[in-house]
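The sequence and structure follow.

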Amino acid sequence: MKILITGAPGTGKTSISKILSQLMKIQYFDIKKIINSHPEVVERIECKEKIINPLLKKILAKELPKDYIIDTHLIEYAPKTDVTVILRCNPIILRKRLEKRKYSKKKIRENLEVEVIDYFTQLTKNDKVIEYNTSKNTIKENAEKIKNKIIKKEYSKGSIQWTKKEYFTMLK
Ligand SMILES: Nc1ncnc2c1ncn2[C@@H]1O[C@H](COP(=O)(O)OP(=O)(O)O)[C@@H](O)[C@H]1O
Ligand SMILES: [Mg+2]
């Protein structure tokens, strides 16, 4: 099975993917590592050339096995997968997680905006989407719950929205 774990920075993609990989016995691939091992791709990402997408797609098709879990927020470069898991996080909790990472105010604001406007839900081309809120529980509990949803094909595209006014005022 091919699984994409995506979502805003800090939503838990890397922590959850690694545990999910053990639980499902599907290999975890770090898309960043693959990109970084191809300098021609890195250069093109840096100057945002349109050509990047087909080139990266070709490289991923060659280097990824039949079954994999990848985590990336670069959703426009992600390959087509059997299921896309979009991790979501309450903006107040997400802000705390990003502050812990010592991100600049500007970077925190940009990432919160991505979460509040449902960026990944809007951008995914996959209809088989599981949206999952990581604001609560432990990482392991969340990985287990996500595994069950994948097995049961419990899709929930568009089910999570942060509509409270206070979340929008955080973006000012
Ligand atoms: N319930 C939870 N699910 C996922 N991450 C959590 C949870 N609670 C706290 N965290 C913390 O949030 C951070 C998520 O970071 P990471 O997994 O690197 O996210 P991403 O790869 O999406 O940027 C980690 O420091 C993790 O310990
Ligand atoms: Mg990560």
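Where does D118 lie? In this predicted model, D118 belongs to the loop between α6 and α7, the latter helix covering residues 119-123.

Most residues other than glycine have a negative phi. D118, although not a glycine, has a positive phi of about 60 degrees. K153 is likewise not a glycine and has a positive phi of about 50 degrees. The position of K153 is in the loop between α8 and α9, where α9 spans residues 165-169.

Are these residues buried or exposed? D118 counts as partly exposed, because it has 16 C-beta neighbours inside 10 Å, and partly exposed residues fall between the limits of 12 or fewer for exposed and 20 or more for buried. K153 is exposed, because 10 other C-beta atoms lie within 10 Å of its own.

**Helix packing**

Two packed helices are described by the angle between their axes and the distance between the axes. The table gives these values for two pairs.

| Helix pair | Angle between axes | Distance between axes |
|---|---|---|
| α1 and α8 | about 55 degrees | 9 Å |
| α5 and α6 | about 150 degrees | 10 Å |

How do α1 and α8 pack, in angle and axis distance? Their axes are 9 Å apart and form an angle of about 55 degrees. The angle therefore makes α1 oblique to α8. The crossing in which α1 passes α8 is right-handed. On the α1 side, the contact involves S15, I16, I19, L20, L23 and M24, which meet I139, K140, N142, A143, E144, I146 and K147 in α8. The residues of this contact divide into eight nonpolar, two polar and three charged.

Because an angle over 145 degrees counts as roughly antiparallel, α5 is roughly antiparallel to α6. Here too, α5 passes α6 in a right-handed crossing. In α5, the residues P91, L94, R95, L98 and E99 take part, and they meet I108, N111, L112, E115 and V116 in α6. This contact has six nonpolar, one polar and three charged residues.

**L98 in helix α5**

Which helix holds L98? L98 lies in α5 and is one of the residues by which α5 meets α6. L98 is buried, because 23 other C-beta atoms lie within 10 Å, and the limit for a buried residue is 20 or more.

Leaving aside residues up to four places away in sequence, L98 touches P9, G10, Y103, I108 and N111. Of these, I108 and N111 are named in α6 as part of the contact with α5. K149 is 51 residues from L98 along the chain, and the C-alpha atoms of the two are separated by 27 Å.

Note on methods. Residues numbered from 1 in each chain as written. Chains lettered and ligands numbered in written order. Predicted model: local features only at pLDDT ≥ 70, side-chain atom pairs only at ≥ 80, totals over all residues. Axes fitted to C-alpha atoms, helices over the stretch in contact; angles between N-to-C directions. Helix = DSSP H or I, 4+ residues; strand = E, 2+ residues; numbered from the N terminus. Parallel < 35°, antiparallel > 145°, perpendicular 65-115°, else oblique. Left-handed = near helix turned anticlockwise from the far one by under 90°. Contact = placed C-beta atoms within 7 Å. Nonpolar A, V, L, I, M, F, W, Y, C, P; charged D, E, K, R; others polar.
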